Amino acid sequence: MIYDIEYETLPREALEAIQLRRLRATLERVHATVPFYRKQFAAAGATPSDIRSLRDLTELPFTTKQDLRDNYPFGMFAAPMDNVVRIHASSGTTGQPTVVGYTARDIDTWSTLMARSLMAGGANRGDIIHNAYGYGLFTGGLGVHYGAEKLGASVIPVSGGNTKRQIVIMRDFGPTVLTATPSYALHLAEAADEMDVDIRKLRFKFGIFGAEPWSERMRTEIEAKLNITAVDIYGLSEVIGPGVAVECREARRGLHIFEDHFIPEIIDPETGEVLPHGETGELVFTSISKEAFPIVRYRTRDISTLHPEPCICGRTLIRMDKVSGRTDDMLIIRGVNVFPSQIESVLMEVEGIAPHYQLVVDREGNLDTLAVMVEIGDALFSDEVRRLQRLERAISRNIKEYLGVTATVKLVEPKVIARSQGKAIRVIDNREKH
Ligand code: DLL
């Protein structure tokens, strides 16, 4: 099922005509209203009228998270405050949060994109959506909420946390779609189990998960534990929130980017050079329909690949690979580049291991150390110590073999690693403390 059948299945030529028209209007708008962009364009020797084709976009400079911080809180807004009806902010685990705003029309656009996303993931009018993304400054909760209402589904605005109550609600209200971070979805499954509620037998059919990287193995795990089809949704506050791209339930191979609203590029994160389709690099987005917070060539730090091949679902929108990591959560351990998601993939190969893990990076003398704490499932828990030690060594060997980095692996009891109600905290880096 396709929500916006016309826009999601446009022939390339028609889509590009819309993109160019919207891009030019966006550039005019930011040039006229945002001093930052006026300066950026002037420094690059470009004016909006120089951009005559989609290719010309590459002549404009990138926008970075630092630029948003420098203009904290409202300096990048391209609409007067009188017209801004909503403000969100990204969590800002490092430094200042970035603040974004929406006009009434932006909220309508976003709701439509979320309605498209939910439908792509299998939801429709008549479904009951258990929305466990956090409500608040984070875009997940309200983004899904407005999309669900637009779609005509019933939404339970349960937000994150209060996990036991969530299980009771699931059991009693019979929701058919779960929206949450993938790590919280697994936590919910675990909590249900503890309360003797068989979550597999509830009415859930689909789950639409995102806001953090998750591997194919984690998808398999979620699908088995909840007895649902799990679909990936991607987005970021700076671009709009959730609803930038989503997998279709038909293929579940790559996420369709809503290109009538966002122009994607893949660049080499070192040189900034635009890479051809099929090559892996950093995702860059330009929003082309937003009023309050348009963004030009935003460097997401997310790593992915673009695939223009047609899809069985009928959408003509380009697909991006599941985000495999970020250029900036990349850990460099004794000179070796490591993404937490790569370690996750190694862990998920091991029978009896739970998908809850944490990486602790530290420094001993001048040398980096990596400890991988990972929970064992109940089945292994009762095993003898010697067997567990053997398993720790085997996992450590696999990490060395696949990633070239030495790690101490520590198996811990079930439920020792702190659960998050939003994005899981996968890395604790103590190196700066020294
Ligand atoms: O996480 C928006 C969102 C909410 C997306 C709910 C999906 C579902 P931010 O808090 O601004 O916005 O964080 C954006 O999260 O740059 C990625 O690094 C990461 N991220 C988001 N979705 C995915 C995903 C929301 N499906 C940052 N896979 C992005 C991997 C994701 N990473």
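## Around the ligand

A residue counts as near a molecule if one of its heavy atoms lies within 4 Å of it. With that in mind, let's look at this predicted model. Here, 20 residues surround the ligand, and the closest are Asp232, Ile233, Ser237, Asp302 and Lys423. Sorted by class, this shell has 9 nonpolar, 5 polar and 6 charged residues.

Where do these residues sit? Helix α6 (139-151) and strand β7 (229-236) each supply at least two residues of the shell. The largest share comes from β7, with 5 residues.

## Polar contacts and cover

Now zoom in on single atoms. Asp302 has a polar side-chain atom 2.6 Å from an oxygen atom of the ligand. The backbone takes part too: a polar backbone atom of Glu212 is 3.3 Å from a nitrogen atom of the ligand, and a polar backbone atom of Pro213 is 3.5 Å from a ligand nitrogen atom.

How much of the ligand's accessible area does the protein cover? On its own, the ligand has 610 Å² of accessible area, and the protein covers 94% of that.

Next, find helix α7 (residues 163-173) and helix α8 (residues 182-194). These helices pack at an angle of about 75°, and their axes are 10 Å apart. Angles of 65 to 115 degrees count as roughly perpendicular, so α7 is roughly perpendicular to α8.

Which residues meet here? From α7 come Thr163, Gln166, Ile167 and Met170; from α8 come Tyr184, His187, Leu188, Ala191 and Ala192. By class, this contact has 6 nonpolar and 3 polar residues, with no charged ones.

Methods:
Residues numbered from 1 in each chain as written. Predicted model: local features only at pLDDT ≥ 70, side-chain atom pairs only at ≥ 80, totals over all residues. Heavy atoms only, no water. Axes fitted to C-alpha atoms, helices over the stretch in contact; angles between N-to-C directions. Helix = DSSP H or I, 4+ residues; strand = E, 2+ residues; numbered from the N terminus. Parallel < 35°, antiparallel > 145°, perpendicular 65-115°, else oblique. Contact = heavy atoms within 4.5 Å. Nonpolar A, V, L, I, M, F, W, Y, C, P; charged D, E, K, R; others polar. Polar contact = N/O pair within 3.5 Å; in protein donor to acceptor, adjacent residues only side chain to side chain. Areas by Shrake-Rupley, 256 points an atom, 1.4 Å probe, with all protein chains shown as cover.
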